[in-house]
Amino acid sequence: MPVIEYKCPNCGSGMVFDGETGMLSCHSCGREDNIESIPDPLTTNRIFSENKVQEYHCNNCGAVIMTEMETSATVCSFCGSAVVLGDRLTGKLAPALVIPFSISKEEAIQAFKKWCKNGRLTPNRFMTADRIKGITGMYVPFWLYDLHNKIEAYGEGTKVRTYTSGDYEYTETQHFDVYRKIRLNYVKVPIDAAEKMNDELMDKLEPFPYDQLKPFKTPYLAGYIAEKYSYNEEELFPRVKEKVKEYIDSYIHSTVSEYTAVNYTEKQIDTTLKQADYVLLPVWVIHYDYNQLEHTFAMNGQTGKVVGKPPISKFKVTAWFAGIFGISLFSLRLITWLLMGGDFQ
């Protein structure tokens with residue numbers, strides 16, 4: 001069955017995943033079902049063809065469900081029923097793991113408003129106005145990479161020592177050949193795999209609590225939007241290698257701390273992909289309308305961390321620099337006054 005809906009056995013209303021309780025809940029009669037006890041209708045042996053045009057119909061009202069090719073869970077535009085497009089979550093498109101939402105829509109809105117008020121350089125109207133144009137709970141596809149790295153680094157290190165003997169001060173510089181052979185393993189390095197999501201925003205949402213990863217089951221998607229990956233793990237492998245490069249450089253640097261400076265002549269980094277898990281991670285996407293422009297923010301659906309670029313008040317920036325300048329000028333005058341015995345010239 002391509003369209004999956006969860007109906008309440010008591011009243012027949014649509015059930016959705018409740019991030020606060022972790023249960024599949026009916027908002028009409030209050031029934032709650034444990035997701036672990038619900039059979040998952042998906043089978044892993046069906047393969048979805050991306051080139052095949054598939055028409056979906058809502059099981060509740062019969063309306064045609066129009067979605068983008070990347071969407072795997074959505075809401076019927078006519079009756080509001082939460083639906084899961086089953087054949088977009090099977091075969092190679094079946095996620096291995098999911099981190100469920102733990103922050104409700106209402107909590108996300110309040111957390112975002114609180115975050116806005118903390119913006120010291122944002123316009124007052126942005127901080128106080130209620131201009132949320134839309135908020136969407138979305139499961140964003142990620143690849144979690146386990147990487148093994150073999151590293152060899154060659155360079156020249158220097159140790160500089162300054163000392164005094166008699167009336168003279170001496171500087172001694174010693175030169176050393178530096179060689180480091182290192183093995184580094186990284187686990188669960190996240191890379192978002194959705195073409196439409198902003199990579200910078202997704203990177204800044206980290207870290208996600210990976211201890212909350214659960215085996216994937218479709219009831220977790222009920223009531224939310226879910227996307228399937230646009231890029232497979234091999235296509236994103238160059239990006240994850242680039243991402244860990246800064247951590248590798250930092251670790252190499254930590255192994256040569258006894259030197260005053262190190263000039264590297266060669267670094268050889270051999271990165272091997274040991275495993276890549278396809279997972280869905282919870283993100284609240286917030287569209288905020290201000291000054292006739294739409295600003296997009298993202299919130300970690302587990303931790304509540306908000307990322308995005310709010311507008312900047314030119315007046316506040318000017319006042320801030322003026323304040324810094326005034327404090328600096330006062331400090332200089334105070335130092336001058338102290339040095340000159342308390343008399344300003």
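Does Tyr278 count as buried or exposed, and at what relative accessibility? Tyr278 counts as buried, at 4% relative accessibility. This is a predicted model, and the notes below walk from the whole chain down to single residues. The protein chain has five helices and 16 strands, and buried residues make up 39% of its 345 residues.

**The chain as a whole**

- Let's start with how the chain meets itself: of the contacts between residues at least 6 apart in sequence, 73% join residues at least 24 apart.
- The accessible surface of the protein chain is about 19,800 Å², and carbon and sulfur atoms account for 51% of that surface.

- Helix H1 covers residues 105-117, which is 13 residues. From first C-alpha to last, H1 reaches 19 Å, close to the 18 Å expected at 1.5 Å a residue.
- Ala108, Phe112 and Cys116 are the buried residues to look for in H1. Viewed down the axis of H1, its buried residues fall within an arc of 75 degrees, so they line one face of the helix.
- Turn to the other side of H1 and you will find Glu106, Gln110, Lys114 and Lys117, which are exposed.

**Nonpolar cores**

- The largest nonpolar core has 52 residues, and Phe112, Tyr139, Tyr145, Leu221 and Trp284 touch the most other members.
- Several elements each supply at least two residues of this core, including H1, helix H4 (237-254), strand E11 (168-192) and strand E14 (261-290). Strands E2 (15-18), E3 (23-26) and E15 (293-300) are also among them.
- Strand E10 (132-165) belongs to that list too, and E10 gives the most to this core, with seven residues.
- Another core, of 19 residues, lies apart from the largest one; its members include Ala194, Met197, Leu281 and Val283.
- As a general background point, nonpolar side chains in soluble globular proteins tend to be buried together.

**Around Ala226**

- Ala226 sits in strand E13, residues 225-227, and is buried, with a relative accessible area of 0%.
- Setting aside neighbours within four places in sequence, Ala226 is in contact with Glu70, Thr71, Ser72, Ala73, Tyr139 and Leu221.

**Aromatic pairs and a cluster**

- A search of the whole structure finds 19 aromatic pairs.
- In one of them, the ring centres of Trp115 and Phe297 are 5.3 Å apart and the planes are at 70 degrees, so the pair is edge-to-face.
- This pair links distant parts of the chain, with Trp115 in helix H1 and Phe297 in strand E15, 182 residues apart. Trp115 is partly exposed, with a relative accessible area of 25%, whereas Phe297 counts as buried at 0% relative accessibility.
- Here we come back to Tyr278: the rings of Tyr229 and Tyr278 have centres 4.8 Å apart and planes at 90 degrees, so this pair is edge-to-face.
- Tyr229 lies in the loop between E13 and H4 and Tyr278 in strand E14, so the pair ties together parts that are 49 residues apart in sequence. Tyr229 counts as buried at 15% relative accessibility, and Tyr278 counts as buried at 4%.
- Phe17, Phe101, Tyr139, Tyr220, Tyr224 and Trp284 form one aromatic cluster.

**Backbone details worth a look**

- A cis peptide bond joins Glu206 and Pro207, with omega of about 5 degrees.
- Glu206 is in the loop between helix H3 (199-204) and strand E12 (214-215), and Pro207 is in the loop between H3 and E12 as well.
- Glu206 is buried, with a relative accessible area of 16%. Leaving aside neighbours within four places in sequence, Glu206 is in contact with Pro190, Lys243 and Lys305.
- Lys188 is not a glycine, yet has a positive phi of about 55 degrees. Lys188 lies in strand E11 and counts as partly exposed at 36% relative accessibility.

How values were computed
Residues numbered from 1 in each chain as written. Predicted model: local features only at pLDDT ≥ 70, side-chain atom pairs only at ≥ 80, totals over all residues. Heavy atoms only, no water. Helix = DSSP H or I, 4+ residues; strand = E, 2+ residues; numbered from the N terminus. Buried < 20%, exposed > 50% of the residue type's maximum accessible area, 1.4 Å probe, protein only. Contact = heavy atoms within 4.5 Å. Areas by Shrake-Rupley, 256 points an atom, 1.4 Å probe, with all protein chains shown as cover. Expected span 1.5 Å × (residues − 1). Arc of directions from axis to C-beta. Core = buried A, V, L, I, M, F, W, Y, C linked by side-chain atoms within 4.5 Å. Phe/Tyr/Trp six-rings, centres within 6.5 Å; stacked < 30°, edge-to-face > 60°.
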